[in-house]
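I opened the notebook today to look around inside this model.

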Amino acid sequence: MKNFNHPDQFVNRHIGPNKEDIEDMLHTIGVNSTDELINETVPSDIRLQKKLNLSKPLGEYEFLKKLKGIAQKNKVFKSYIGMGYHPTITPAVILRNVLENPGWYTQYTPYQAEISQGRLEALLNFQTVVIDLTGMNIANASLLDEGTAAAEAMTMLFALRKPDKAEAKTFFVSKDCYPQTIDVLRTRANPFGIEILVGDHKDIQLDDKIFGILLQYPADSGEVYNYKDIIEQAHKKDILTVVAADLLSLTLLTPPGEFGADVVIGNTQRFGVPMGYGGPHAAYFATKEEFKRHIPGRIIGVSVDSNNNPAYRMALQTREQHIRREKATSNICTAQALLATMAGMYAVYHGPVGIKAIAERIHKLAKLIDLSLQKLGYTQVNKNYFDTLLIKFNGDTREKITAIRKLALSKSINFRYEEDSIGISINEPTSLNDALEIIKIFAKTVNKTLSRKEIAALADSIEVSFDNGLQRTSSYLQHPIFNTYHCETEMLRYLKRLENKDLSLVHSMTPLGSCTMKLNATTEMIGITWEEFSGLHPFAPLDQAQGYAELFTELEHDLAEITGFKAVSFQPNSGAQGEYSGLMVIRAYLKSKGEGHRNVVVIPSSAHGTNPASAVMAGMHVVVVNCDDNGNVDLNDLRNKVEENKNNLAALLITYPSTHGVYEEKIREICSLIHENGGQVYMDGANMNAQVGLTNPAAIGADICHINLHKTFCIPHGGGGPGMGPIVASPHLVPFLPNHTVVNPGHEKGITAVASAPWGSADILVISYAYIKMMGAEGLTSASIVAILNANYIKARLEPYFSVLYTGTKGRVAHELMFDMRSFKNSAQIEVEDIAKRLMDYGFHAPTVSFPVHGTLMVEPTESESKEELDRFCDALISILGEMKEIEAGSADINDNVLRNAPHTAQSVISDNWKHSYSREKAAYPVQSTRTNKFWPSVGRINNAYGDRNLICTCPPVSDYVKD
């Protein structure tokens with residue numbers, strides 16, 4: 001009864017070109033059908049012989065009804081579990097205008113700073129919040145989660161050991177750190193030969209074997225310790241210190257920087273970011289000025305543009321350690337930019353007074369409950385605490401834990417339960433009535449009551465005070481940014497002002513190769529802010545998360561079907577973390593076979609920098625294999641290097657299709673060679689958008705892969721995160737998938753945790769689930785086909801003008817392609833960067849610049865872009881070629897031209913001081929489309945060298961913006 005199907009199918013909304021467009025594009029390419037194009041592009045020996053076995057696609061309306069049914073199977077209890085995750089209140093102005101706003105969530109990482117000033121300012125705000133509250137000198141623009149941040153701190157300190165401590169390989173971790181953090185540390189430490197020593201910080205004997213220590217502030221139990229003495233003792237022995245701190249508590253407590261911490265890490269989740277059953281959240285990493293060139297991840301800094309106006313940029317960009325490839329100490333390639341923006345804006349909206357008031361209210365409610373429970377006869381053991389109480393039970397009183405738990409669950413309340421204690425962590429949404437309800441539960445269990453009058457008397461006695469040395473006296477967040485936008489009208493305008501400075505998918509295509517900037521559909525996004533998904537604590541009882549369990553099960557089935565593998569771990573919360581996790585799984589598998597000596601990973605020279613960095617982190621030795629003149633793996637070099645290392649070969653790490661934008665036709669032979677010599681094949685899933693429904697990792701011969709859900713499966717990039725990189729494994733590797741110390745998925749021989757939460761950033765899995773369920777098998781396959789079609793259409797249109805660096809044997813490219821721009825350096829003294837900046841004047845984000853080959857532009861249009869947009873992009877590049885020809889012919893000045901001076905701001909164009917040899921019109925309106933829909937870069941070209949020489953990573957003083 002097909003006649004009754006709703007005509008509005010999601011696949012037609014997701015895919016850009018319509019039927020007529022596709023016919024025209026095929027004609028331009030020179031083929032008769034998409035089948036002919038795919039047959040000429042994808043090697044026949046890896047093509048799938050049957051359709052994907054996925055459920056029937058749902059329309060958007062149908063899907064949302066299904067999703068609501070799943071969501072309702074989750075039970076959102078009042079959570080007092082703590083452990084680094086807390087209910088919070090997201091200001092509606094931030095929820096609607098950042099998290100739910102495609103102008104923010106469809107932005108890419110701000111590598112092109114001139115069209116990214118809004119999010120760069122937002123991230124600078126975040127860094128300022130972290131620096132001010134921790135009392136440190138410098139902070140990065142976020143990390144993946146608190147466990148990852150702790151692991152990054154540990155490996156940084158390990159790399160910073162002085163020569164006389166070269167043999168020090170012990171990292172002491174207080175037993176009062178969060179268990180999930182300790183779990184992640186164990187995973188990260190193992191390949192480096194670092195020993196994790198967990199103990200009581202109060203009686204640890206510091207010796208020469210220890211290079212660093214980690215302390216929790218407040219502790220996992222809730223107690224607030226004064227760490228000044230232990231940090232002083234550590235420094236006397238050249239031991240560096242890390243403090244994991246609750247950022248909100250630092251509004252009341254002495255910041256770690258003031259008692260000597262070398263690194264401060266933590267999570268900013270309670271700054272208005274929902275728990276989301278584990279994420280995504282923005283972790284933070286702050287340290288001393290002397291370590292600025294060792295800090296992992298991205299740092300936003302202040303520089304100047306070509307007009308000498310202040311401008312923001314990513315500072316010290318090589319500090320993204322993966323750029324150092326096999327010499328890296330970290331594989332961090334992304335952050336949690338969208339969530340960092342939210343956390344920073346939470347501080348902007350509330351200001352220092354508001355944030356402190358929120359913290360004081362939490363503390364006072366915790367004190368009220370404490371005093372009340374003591375009056376009821378309970379033993380609360382924390383002397384100094386911010387928000388967390390620890391109720392101890394001894395002997396026959398332990399049966400009360402069971403009674404309290406039963407009564408609390410009947411009231412839809414979750415506490416933290418241990419064998420002899422109950423933990424209660426108060427949070428921002430906790431009200432006085434909530435506190436009274438908690439008191440009543442404990443009172444009823446011992447058949448006692450406290451009158452409202454008695455409780456009121458206790459409340460009147462409460463003050464915010466801590467022992468000497470623990471109470472904060474220093475000021476914070478004094479910059480006007482945090483003291484201006486406190487009414488919603490002004491906050492809304494501030495958010496919009498920043499958003500308007502940034503180019504995103506709401507303006508035009510973002511043709512970044514290897515990034516897959518496709519549509520992030522509204523229907524896919526809607527569910528992430530539903531309380532049933534966003535409001536769950538990651539360690540809530542499993543019977544309260546049956547909706548998530550159903551979603552995980554279905555998504556695992558679908559991803560396994562799409563990849564040809566058996567099972568999935570959703571724990572890795574970025575693509576690079578997926579690489580690392582997969583290699584750790586391979587490592588564990590080889591060890592189980594008695595082949596732990598196998599430690600060589602073979603990686604093509606074209607690989608993304610995270611590949612060798614991840615291999616090094618997994619304790620592997622990297623052997624780089626050359627590529628031939630056609631961009632493929634050099635088989636002779638591969639055979640030689642496999643032969644040289646066959647006794648120690650652990651794995652091949654390869655991207656497919658290759659980063660050069662072609663399908664390696666010998667891929668099965670390559671994989672077989674690795675297997676014949678005892679190795680495993682890890683496929684980097686960065687380019688899965690050219691595989692789904694056409695081929696898969698199992699078909700090419702891989703054993704395990706990760707999937708960039710923020711690429712192929714529509715999770716938005718958010719200006720540099722969040723991302724998800726789940727790993728999918730063959731049957732023999734499944735037993736080794738990651739476990740978790742708090743919520744164990746039960747993998748028989750699983751490695752320890754790779755992320756703080758059991759299912760990584762669970763909330764955004766809703767997006768990928770939605771995409772698959774609405775597209776269905778045929779829709780997903782069509783998406784792959786059109787992604788290839790769009791790339792080959794761009795090739796056909798631009799090949800008469802620019803050299804395409806690599807193609808397949810039949811002249812086709814995969815879903816992306818590279819244009820060689822190196823010749824223009826000689827003929828017109830134009831660098832590829834000049835072309836990238838000039839594209840901004842045409843309203844486009846540049847393709848990927850100089851990766852993986854210097855002097856090239858790598859273009860990936862995705863299936864979501866229409867023929868009209870592809871033509872607009874091609875026309876822009878052809879027009880820019882004409883501008884370069886003018887330079888070559890001498891009709892345009894070789895130094896003063898539209899490319900060398902790009903981008904052009906509105907301010908520069910309307911200035912009375914126009915001294916260029918070309919017209920204002922040529923600068924600002926190079927083609928007709930820019931006259932009707934113009935995006936103006938807010939700053940001129942940024943001086944990167946100046947920014948690195950004058951490193952400023954906090955909100956600059958207002959005086960810096962005032963010109964003489």
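**Ground rules.** I am working with a predicted model, where local features need pLDDT of at least 70, side-chain atom pairs count only at pLDDT 80 or more, and totals for chains, interfaces and linings use all residues. Residues are numbered from 1 along each chain as its sequence is written, and side-chain values use heavy atoms, with hydrogens and water left out.

**Entry 1: strand β3.** For me, buried means under 20% relative accessible area, exposed over 50%, and partly exposed in between, with a 1.4 Å probe and protein chains only. In a regular strand the side chains alternate between the two faces of the sheet. Here Thr170, Phe172 and Ser174 are buried on one side, and Phe171 and Val173 on the other.

**Entry 2: its neighbours.** I found β3 running parallel to β4 (residues 195-199), joined by five bridges; strands pair if DSSP finds at least two bridges between them. Val173 sits opposite Val198 of β4. β3 also runs parallel to β5 (residues 210-217), with four bridges, and there Phe172 faces Ile213.

Entry 3: Most residues other than glycine have a negative phi, and most peptide bonds are trans. I noted a cis bond between Tyr217 and Pro218, with omega about -10 degrees; Pro218 is in the loop between β5 and α10 (228-236). Another cis bond links Gly721 to Pro722, with omega about 20 degrees. Tyr277 is not a glycine, yet its phi is positive, about 55 degrees. Tyr277 is buried at 1% relative accessible area. Ser850 also has a positive phi, about 60 degrees, and is partly exposed at 24%.

**Entry 4: cavities.** How many cavities of 30 Å³ or more does the search find? I count nine in the whole structure. A cavity is a set of points, on a 1 Å grid over the protein atoms alone, where a 1.4 Å probe fits but cannot get out, and lining residues have an atom within 4 Å of a point. Grid points are joined across faces, edges and corners, and a volume is the space filled by probe spheres set on the points. The largest cavity has about 120 Å³. Of its 15 lining residues, the closest to the centre are Leu99, Pro280, Leu339, Ile528 and Asp763.

Methods: 1 Å grid on protein atoms, 1.4 Å probe; cavity = no way out; pocket = protein on both sides within 12 Å on 5 of 7 lines; lining within 4 Å. Helix = DSSP H or I, 4+ residues; strand = E, 2+ residues; numbered from the N terminus.
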